[in-house]
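Trainee: I have a structure open and would like to learn how to read it. Could you walk me through some features with me?

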Amino acid sequence: NLLYEAQNNLKIFKNGELIYGCKDNEDSLSDLNELACHLKPFFFPSNGLVSGPHCTRTILKELIHVITTILLSNTDTCKAGDLKTVPSSQGRSYCEASAFSKELGRNAKNKIETSGLPRGCLLYKTLQAQMLDTLDIEGVYPLYNRVEQYLEEFPKERNVLQIDGPYNESFYEKLLDRSSEDDGTIAYALTKVQQYRVAMTAKDCSIMIVLSPCQQDECSEQRPVVLTSKSR
């Protein structure tokens, strides 16, 4: 569970202030209630729209729904401001993109194409970067020495080889070469070293999601109507 077992050190800020972070289990319930109070204006700006004992659960469910929608949406076609509020009841009751099912675990190990993630979404691209490396540190180190020696002899080649960037699309396209046969060239060694650098960085990355409430006239039609506990 994203909130109860934040394996990835989930932290939530509001206006630069930490309003939710990993704390002792004893404070988890009060932390979630406090978090719901902070987030209520973002999801239910009208007073009384959601209240009662189900208030915290409803707000947190909406938060998780928004987060998963962002992470699983195509980043090439979806731009800032495109995402609209969608009732969580209309969304998935479970994550269809999960790669942790037994079937995927047996058939899709280390294969991003069958990871179950929607192609083009943020998690797909992150996983794609994380899987660039084909060698461990022992395999990369001799290649690193080859690159280091080459740069000592030809220091001006640093810019040509994009050692220090720019890390753009052309740089990334070079890393998609998955060939495993070492032909003894500097190009092969550099590609493997750069693949390792990018993969290790992606494996230790943090994903930041910014939520901003839209104006009342912009979201009144899209905002879901959530019944109060009395009317259920």
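Mentor: Gladly! Let us start with a loop: Asn15 sits between strand S1 (12-14) and strand S2 (17-20). Keep in mind that this is a predicted model.

Trainee: What is the phi of Asn15?

Mentor: Phi of Asn15 is near 55°, a positive value in a residue other than glycine.

Trainee: Is Asn15 buried or exposed?

Mentor: Burial is read from relative accessible area, with exposed meaning over 50%. Asn15 has 78%, so Asn15 is exposed.

Trainee: Where is Gln162 found, and what is its phi?

Mentor: Gln162 is in the loop between H6 and H7. Gln162 is not a glycine, yet has a positive phi of about 55°. As for cover, buried means under 20% relative accessible area. Gln162 has 8%, so Gln162 is buried.

Trainee: Which residues does a cis peptide bond join?

Mentor: Look at omega here: the bond between Gly165 and Pro166 is cis, with omega about 0°. Pro166 belongs to the loop between helix H6 (157-160) and helix H7 (169-174).

Trainee: How do I read aromatic pairs, and how many are there?

Mentor: Check the ring centres, then the angle between planes: under 30 degrees counts as stacked, over 60 as edge-to-face and the rest as tilted. The count comes to 3 aromatic pairs. One of them is Tyr150 with Phe154: the centres are 5.0 Å apart and the planes are at 45°, so this pair is tilted. Tyr150 is partly exposed at a relative accessible area of 22%, and Phe154 is partly exposed at 40%.

Trainee: Which residues make the nonpolar surface patch of about 200 Å²?

Mentor: Ile207, Ile209 and Leu211 make that patch. Ile209 lies in the loop between helix H8 (186-203) and helix H9 (216-219). With a relative accessible area of 32%, Ile209 is partly exposed.

Trainee: Where is confidence lowest, and where is it highest?

Mentor: The general idea comes first. Where pLDDT is low, the predicted coordinates should not be read in detail. In this chain, the lowest confidence is in helix H3 (residues 102-107), with a mean of 45, and the highest is in helix H5 (residues 137-153), at 96. The chain averages a pLDDT of 76, and 65% of the residues score at least 70.

Trainee: Over which residues does pLDDT stay under 50?

Mentor: One such segment is residues 83-95, for which the model has 18 contacts beyond four places in sequence. Another is residues 223-232, with 24 such contacts.

Definitions and conventions:
Residues numbered from 1 in each chain as written. Predicted model: local features only at pLDDT ≥ 70, side-chain atom pairs only at ≥ 80, totals over all residues. Heavy atoms only, no water. pLDDT = per-residue confidence, 0-100. Helix = DSSP H or I, 4+ residues; strand = E, 2+ residues; numbered from the N terminus. Contact = heavy atoms within 4.5 Å. Patch = residues over 30% accessible without salt bridge, like charges linked within 9 Å, V, L, I, M, F, W, Y side chains within 5 Å. Areas by Shrake-Rupley, 256 points an atom, 1.4 Å probe, with all protein chains shown as cover. Salt bridge = Lys/Arg side-chain N within 4 Å of Asp/Glu carboxyl O. Buried < 20%, exposed > 50% of the residue type's maximum accessible area, 1.4 Å probe, protein only. Phe/Tyr/Trp six-rings, centres within 6.5 Å; stacked < 30°, edge-to-face > 60°.
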